[in-house]
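Hi,

Here is the structure I promised to hand over. Have a look at it first, and then read on for what turned up.

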Amino acid sequence: MAARPFRQFVVKVHSRCNLACDYCYVYELADQGWRSRPRAMSPDVVARTADRVARHVRAHGLAEVEVVLHGGEPLLAGRSALESLVRRFRSAVPARVRFSVQTNGTLLDRAFLELFAALDVRVGVSLDGDPEAHDRHRVRPDGTGSWASVRSALRLLADEFRAVYSGLLCVVDVRSDPTRTYRALLEFAPPAVDFLLPHGNWSAPPPARVTGSPDTPYAEWLTDLFNHWYPAPGTRVRLFEELLNLVLGGQSRVEGVGLTPTAQVVVETDGAISASDILASSSPAAAATGLHVARDDFDRALELPEVLAGRSGLAGLSAACRACPVVSACGGGLRAHRFAGDGFDHPSVYCPDLYRLITHVRDRVAADLAAPA
């Protein structure tokens with residue numbers, strides 16, 4: 001059987017950031033590879049990457065791919081470089097190329113938004129709730145908060161530039177009230193919200209996640225929020241939508257839940273091809289492939305053990321996961337969260353939380369389906 005092609009290309013246009021978020025998987029966890037990479041992706045690497053994507057599209061007959069402009073903070077690359085990149089890809093790739101950018105929002109001004117609107121680049125912004133919650137983590141190098149500058153950008157996005165507004169990304173902090181956090185996000189009228197678990201693993205557990213403890217602080221936070229959201233969803237919450245889809249027998253469309261293989265690959269600022277930038281948060285070598293856009297097609301990455309391991313569904317999970325009654329919905333969680341000193345053959349460090357959250361969603365849906373019409 002032919003390998004599933006990559007359909008999402010995460011392009012690291014700039015390897016540095018103007019914030020110093022304390023939970024950042026790029027700068028604060030195991031991977032320090034950014035130190036040896038160029039700050040910005042050169043025009044030559046951009047051109048080679050676009051050409052490799054074009055070859056992949058032709059080889060697999062793809063009608064559409066997505067390119068995610070990422071970092072670091074991608075807006076540090078500047079408007080001219082980003083415009084040049086988008087135009088280069090669109091001229092080189094014989095398919096529809098959907099572009100998105102994930103930014104911390106501090107540099108996102110009218111000039112950037114006018115450019116993204118002209119180029120049809122969707123914009124996602126990281127925001128962790130109200131000013132207190134956001135500025136607890138998402139700080140500048142001098143320790144000052146970033147919420148006020150992000151607010152200005154989001155007001156423009158929600159009003160004049162809504163056509164390119166893709167949504168908000170919020171990292172869960174169990175010290176914050178979930179409903180208050182959600183309401184703070186809704187003030188900026190996001191089309192969708194992504195709630196992410198802080199990156200961690202068995203060797204470096206995330207905050208409040210005690211190894212071996214049956215406590216489920218993240219499930220409690222998320223189930224409280226689900227109970228608030230579920231009766232009248234309104235704004236899309238992708239995690240909850242995906243779990244509802246999965247417990248009703250559907251397939252996942254996002255990484256981190258379900259058994260659908262990932263279709264993503266990463267290109268670093270120096271042109272190195274990585275299996276996943278998130279994997280490097282657990283072990284510096286976990287995402288490395290040894291491949292480079294100057295000499296290697298993306299099809300070579302499809303054949304690598306480290307890539308195949310993340311795309312093998314149920315067979316790639318630990319024995320404990322394969323025997324779990326909610327494995328089809330959980331999917332073992334993010335692969336990076338399964339890491340221990342001897343590798344990834346473990347359940348997620350969030351296993352108790354994921355089990356409780358999934359069974360809560362499942363039981364709530366089952367009760368509704370069983371209720372008389």
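One cut-off before anything else: a residue is called buried when its relative accessible area is under 20%, exposed when over 50%, and partly exposed in between. Please also keep in mind that this is a predicted model.

Cys24 has a relative accessibility of 18%, so it counts as buried. Cys17, with a relative accessible area of 27%, is partly exposed. How many disulfides does the structure hold? There are zero. Cys17 is in none, and the nearest cysteine sulfur to its own, that of Cys21, is 6.0 Å away. For Cys24 the closest cysteine sulfur is also in Cys21, at 6.2 Å, which is too far for a bond.

Ten strands make up an open sheet with mixed pairing, and their order is 7-6-5-4-3-2-1-8-9-10. Strand 7 and strand 10 (288–292) are at the edges; each has a single partner strand, so one side of each lacks a neighbour in the sheet. Here is how some of the other strands are joined:

- Strand 3 (residues 96–103) runs parallel to strand 4 (residues 121–126), with five bridges between them; Gln102 sits opposite Gly124 of strand 4.
- Strand 4 and strand 5 are parallel too, joined by four bridges, and Ser126 has Leu169 in strand 5 as its bridge partner.
- Strand 5 pairs with strand 6 in the parallel sense, again over four bridges; here Val171 is partnered by Leu196 in strand 6.

Strand 5 (residues 165–171) is mostly covered, with seven of its seven residues buried. Helix 2 (residues 79–92) packs on the sheet, where it touches strand 1 (8–12), strand 2 (64–70), strand 3 and strand 4. The direction of helix 2 makes about 155° with that of strand 3.

Now to the interior. In soluble globular proteins, nonpolar side chains tend to be buried together. The largest nonpolar core in this model has 98 residues, and the members that touch the most others are Phe89, Leu108, Leu157 and Phe195. Which element gives this core its largest share? That is helix 7, with seven residues. Another core, of six residues, lies apart from the largest one and includes Leu19, Tyr23, Leu169 and Val171. As for Phe89, its contacts beyond four places in sequence are Val11, Val46, Thr49, Ala50, Val53, Val67, Val97 and Phe99.

Is Val265 buried or exposed? Val265 counts as buried, because its relative accessibility is 1%. Leaving out residues up to four places away in sequence, Val265 touches Phe6, Gln8, Phe9, Val10, Ile273, Ser274, Ala275 and Phe298. Its C-alpha atom is separated by 24 Å from that of Val349, 84 residues away along the chain.

Happy browsing!

Technical notes
Residues numbered from 1 in each chain as written. Predicted model: local features only at pLDDT ≥ 70, side-chain atom pairs only at ≥ 80, totals over all residues. Heavy atoms only, no water. Buried < 20%, exposed > 50% of the residue type's maximum accessible area, 1.4 Å probe, protein only. Contact = heavy atoms within 4.5 Å. Disulfide = S-S within 2.5 Å. Core = buried A, V, L, I, M, F, W, Y, C linked by side-chain atoms within 4.5 Å. Helix = DSSP H or I, 4+ residues; strand = E, 2+ residues; numbered from the N terminus. Pairing = 2+ DSSP bridges. Axes fitted to C-alpha atoms, helices over the stretch in contact; angles between N-to-C directions.
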